[in-house]
Amino acid sequence: MSSSKEADPTLGYLTRKDTEVKLPRPTRVKNKTPAPIQITAEQILREARERQEAEIRPPKQKITDPTELGEYRLRKRKEFEDLIRRVRWNIGVWIKYAQWEESQKDFKRARSVWERALEVDYKNHTLWLKYAEVEMKNKFINHARNVWDRAVTLLPRVDQLWYKYIHMEEMLGNVAGARQVFERWMKWTPDQQGWLSYIKFELRYNEIERARGIFERFVQCHPRVGAWIRYAKFEMKNGEVARARNVYERAVDKLSDDEEAEMLFVAFAEFEERCKETERARAIYKFALDHIPKGRAEDLYRKFVAFEKQYGDREGIEDAIVGKRRFQYEDEVKKNPLNYDSCFDYIRLEESVGDKERIREVYERAIANVPPAEEKRYWQRYIYLWINYALYEELDAGDAERTRDVYRECLNQIPHQKFSFAKIWLLAAQFEIRQLNLQAARQILGNAIGKAPKDKIFKKYIEIELQLGNIDRCRKLYEKYLEWSPENCYAWSKYAELERSLSETDRARGIFELAIAQPALDMPELLWKAYIDFETAEGEFERARALYERLLDRTKHLKVWISYAEFEATAMDMDSADLDEHEQKKQCIQHARRVFEKALTYFRSSAPDLKEERAMLLEKWLNMEASSGELGDVSLVQSKLPKKLKKRRQVATEDGSTRIEEFIDYLFPEETQTTNLKILEAAYKWKRQKLSSDDD
């Protein structure tokens, strides 16, 4: 049962155990110290070679009479025939058989073997080559010719057969026969190398006209740039300049749109250059640069620049260099039409050249690439193309109508419902003002306010009307401005400032009152400051004081308290005749102290956590008292000043851990007394606990 498990059908009657290779058990090396005599690998190999036994070779057999020769041949033929019967498809066996028959000088039998082999696989061109070589080697010329003829008839697409056939005829001096074979081959329209071999064959025998005729057929069969260039070079080599030019011209007519046209134009231009026809060469280069796509003209541009540097004047060289850069920009714009930076560079290049039509063409192509998404960030670079275009038409081209059209098209292009650009509206309006067309400018700015109102548009429109002295228009614009943006403190301030400049104090005050009554403001502190400064400048200190009180009802910010105190310290009525300056100054300081006291009370009672603000308030108060000279009393503030304490606290970091940081804390005098009382109370408590424990 076990033996059946170990049996394997591929091993016959043997088991796996019988076929296992038993390797000797590796011996343990006890002594690992290096041997005194070291043996190299080279020495081991040399000894192995010396001890190798001599190779056993079969004895050489010598045939002495015809009978033995006949037996030998019969035996070899039987071996070959048996081998062929087994592997009939193996061409190598057939070749060996035929070559053996050839070595026995039995050419009829050899031919028979070759023919039988061809019946097996006549498409194997190696068989034909070997067969023909045998016939040629043994000088059976007609037989060889017959073999070649059959080979090229059956396998006309195998170029090697044609080459060998032609070579044999040429070696035999049969030029007419070789030409006839070439003609047979050309009917099959071989590749370029076949035609060139035919041409070289004719040139070897100085048959120029025949070679020219073959070239004509060659370019008709293979109408490629390389073929035409070879034809033209052939004519040039034979001194036929007119014929060569004619060949190039025909090639340009047929292949000007070919992918390899660049190579043709370069070769044509270099031909004219060698003929000292520089103007012709320049014309060819320019024609090529206008007709070949930019992506395939790199070498052409390089050659043209080199040509202009060698033969052209300064203007020509600059034109060539500009052409090269133009090609680079064209390539960049083609790769990414929405890369507006490349468009700007391209436009600057064209503007440096000064060709108006070309500049306009580049601008038109650039502005045709509208951003794909209606998002402002995609349009920000694009809109500058329109701006530059309009400025070019106005300043460089001097065409007012085209400028107006550019601005109009640009404004129509922008999706004003989603976003707009105040710069475009303002530039269009300023252009109309420069053209002394005030009505058109007002219309543009009115459309801007209607379609896409913006701060810049209102400000500029108001500025224009103010310069023109149209106060009623300015008032209407401010009303529109505030209707659109009632939270805009800048607009309220400027409107009030306008009324004040017109000595309309009541109107200005009314505007300020409306402004501070708004439910939401973007920068209320600036508006209140402007209102207070207005009342102060008008000498209305009571009104300003009332404004400060109203502001403190809304916010108790530190800056408001400080500003109020500073106002009181400087609120001296110069027109009052009741008090002298010294008394007024004293009264102002007392008013300021009251404000500081009020602020201090608020921070102590209502906002005890704002210690830093309280300290800053006291510092301001101290500075005021110090700067007031003999009227000031520094001791009033010094008793209230806090002590600065450096403390540490734990702060949580982003990763969840904590770290210790230092900070400045302030300890005010009233807090110090409370802390001392707490310490004393804790000491009394500890004493009482100790006495009670002693009694127990």
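**Briefing: pockets, cores and loop residues of a predicted model**

The side chains of serine 420 and tryptophan 425 make a polar contact at 3.0 Å, a polar contact being a pair of N or O atoms within 3.5 Å, where within protein one must be able to donate a hydrogen and the other to accept it, and residues adjacent in sequence count only if both atoms are side-chain atoms. This is a predicted model, in which local features need pLDDT of at least 70 and side-chain atom pairs count only at pLDDT 80 or more, while totals for chains, interfaces and linings use all residues. Residues are numbered from 1 along each chain as its sequence is written, and side-chain values use heavy atoms, with hydrogens and water left out.

**Overall composition**

- The protein chain contains 35 helices and two strands, taken as DSSP runs numbered from the N terminus (helices H or I, at least four residues; strands E, at least two).
- Of the 696 residues in the protein chain, 37% are buried; buried means under 20% relative accessible area, exposed over 50%, and partly exposed in between (1.4 Å probe, protein chains only).
- Of the contacts between residues at least 6 apart in sequence, 46% join residues at least 24 apart, where contact means heavy atoms within 4.5 Å.

**Serine 420**

- Serine 420 is placed in the loop between helix 22 and helix 23, and it counts as buried because its relative accessibility is 3%.
- Leaving aside residues up to four places away in sequence, serine 420 touches Lys376, Ile414, Trp425, Ala452 and Lys454.

**Nonpolar cores**

- The largest nonpolar core has 98 residues, among which Ile383, Leu385, Ile424, Leu527 and Leu617 touch the most other members; such a core is a set of buried Ala, Val, Leu, Ile, Met, Phe, Trp, Tyr and Cys residues joined through side-chain atoms within 4.5 Å.
- Helix 21 (residues 376-396) supplies the largest share of this core, nine residues.
- A second, separate core has 77 residues, including Ala144, Leu155, Tyr198 and Ala281.
- Leucine 527 touches Cys489, Trp492, Ser493, Phe512, Ala515, Ile516 and Leu521, residues up to four places away in sequence not being counted.

**Pockets**

- A pocket is an open set of points on a 1 Å grid over the protein atoms alone, where a 1.4 Å probe fits, with protein on both sides within 12 Å along at least five of seven lines; lining residues have an atom within 4 Å of a point.
- The volume of the largest pocket is about 510 Å³, and of its 17 lining residues Glu525, Trp528, Lys529, Leu551 and Val560 are the closest to its centre.
- Helix 29 (524-537), helix 30 (541-554) and helix 31 (558-570) each supply at least two residues of that lining, with helix 29 giving the most, eight residues.
- The second largest pocket has a volume of about 290 Å³; among its 15 lining residues, Arg408, Leu411, Glu432, Ile444 and Asn447 lie nearest its centre.
- At least two lining residues of the second largest pocket come from each of helix 22 (400-413), helix 23 (422-434) and helix 24 (438-451).

**Positive phi in loops**

- Most residues other than glycine have a negative phi.
- Asparagine 206 has a positive phi, near 60°, and lies in the loop between helix 11 (192-204) and helix 12 (208-221); it counts as exposed because its relative accessibility is 64%.
- Lysine 276, also not a glycine, has a positive phi of about 65°; this residue lies in the loop between helix 15 (261-274) and helix 16 (278-291) and, at 71% relative accessibility, counts as exposed.

Note on methods:
Points joined across faces, edges and corners; volume = space filled by probe spheres on them.
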